[in-house]
Amino acid sequence: MQALPAAALRCGLAAFLVAAAHAAEVSLDVGHTLAARGATSARGTSEFDFNRNLAQQLGDELRARGLAVREINFDGLVDTLAARPQQAAGSDVFLSLHHDSVHEDLLQEWDWDGTMRTYSDLHTGFSLFVSRNNPHLADSLRCASAIGASMRRAGFDAALHHATPLAGPARQPADASNAVFYYDRLVVLYRTTLPAVLFEAGVIKHREEELALLDTARQRRMVDAIATGIAACLSVDSAAAIPATARNEEAQPR
Ligand SMILES: [Zn+2]
């Protein structure tokens, strides 16, 4: 290997110090929109409302830890799926926040407050998704695993149902113990220039888990756990964590 000239080394060090002086920036994306609100909980609340509440609390927590936050679709008015990662360009990581449903074959009906609603008490737990088509798969997976591990340490249960065909299309596990799965064709995960993770906080079709997800003390613990995972992920030198075989395709850490 040819030795680098001293000037090149100094230049590299200066670039690193400049990068270190800027707070890492997390793009937080509120899943779904005001017009298309995603799943509906067992008691009739829209997924968008759950997602936005979680995103607002997580944004506050990340800022309190000294990270910069770029808010995406907090107003629920984003036009297209592709616009979400476009708005995140230039930040360090993209995290899309969602709440989970189950396959419609599993839904049952019940009367809640005088209205017929659908629910399923079969599956619970958080989960995370990354795409093998993302240009930074290794970094995406590392961040997803860090968030999942932090969630488990905080006492949250990892979802088990995504790898089984009972609850819809089976997803191939990427890091099953931390509830990380591959979801290759999600636009927000692959049509992007930066590491991207989709987080499902829990199953709002499950009657008990819906109530747990609305518990404010538990929300605080969840936000703390997610933020701890993100901070751990962003504090690692990404080049050192990427397998040598994948390193050629990786751009510099952003
Ligand atoms: Zn969703």
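This is a predicted model: local features need pLDDT of at least 70, side-chain atom pairs count only at pLDDT 80 or more; totals for chains, interfaces and linings use all residues.
Q: How many helices and strands does the protein have?
A: Nine helices and nine strands.

Q: Back to β3. How does β1 run relative to it, parallel or antiparallel?
A: Parallel, with five bridges joining β1 to β3. Here D29 stands opposite S96 of β3.

Q: How many residues of β3 are buried?
A: Eight of the eight, so β3 is largely enclosed by the rest of the structure. Buried means that 20 or more other C-beta atoms lie within 10 Å of the residue's own; exposed means 12 or fewer, partly exposed is in between, and C-beta atoms are placed from the backbone.

Q: Which residues point which way from β3?
A: V93, L95, L97 and H99 point one way. F94, S96, H98 and D100 point the other way.

Q: What share of the protein's residues is buried?
A: 43% of the 254 residues.

Q: New topic. How many residues are in the largest nonpolar core?
A: It has 59. Such a core is a set of buried Ala, Val, Leu, Ile, Met, Phe, Trp, Tyr and Cys residues joined through C-beta atoms within 7 Å. Those with the most contacts inside it are L128, V130, I147, V197, F199, I226 and I230.

Q: Which element gives the largest share of this core?
A: Helix α4, with nine residues.

Q: And what does I147 touch?
A: L128, V197, F199, I226, G229 and I230, leaving out residues up to four places away in sequence. Two residues are in contact if their C-beta atoms, placed from the backbone, lie within 7 Å.

Q: Now α6. Which of its residues are buried?
A: In α6 (residues 207-214), they are E209, E210 and L213. They cover an arc of only 105° around the axis, which puts them on the same side of α6. That arc is the one of the directions from the helix axis to the C-beta atoms.

Q: Why would residues three or four places apart point the same way?
A: An α-helix has 3.6 residues a turn, so they do.

Q: What covers the buried residues of α6?
A: The cover includes α2 (47-64), β3 (93-100) and β9 (196-203).

Q: What about the loops? Where is H32?
A: In the loop between β1 (25-30) and α2. H32 has a positive phi of about 70°, although it is not a glycine. H32 is buried, with 23 other C-beta atoms within 10 Å.

Q: And where is N73?
A: In the loop between β2 (68-72) and α3 (83-88). Phi of N73 is also positive, near 65°, and N73 is a residue other than glycine. N73 counts as buried, with 24 C-beta neighbours inside 10 Å.

Q: Last one. Is P135 buried or partly exposed?
A: Partly exposed, with 16 C-beta neighbours inside 10 Å. P135 is in the loop between β6 (127-130) and α4 (137-153). P135 and A196 are 61 residues apart in sequence and 9.4 Å apart in space, C-alpha to C-alpha.

Key
Residues are numbered from 1 along each chain as its sequence is written. Helices (H or I, at least four residues) and strands (E, at least two) are DSSP runs, numbered from the N terminus. Two strands pair if DSSP finds at least two bridges between them.
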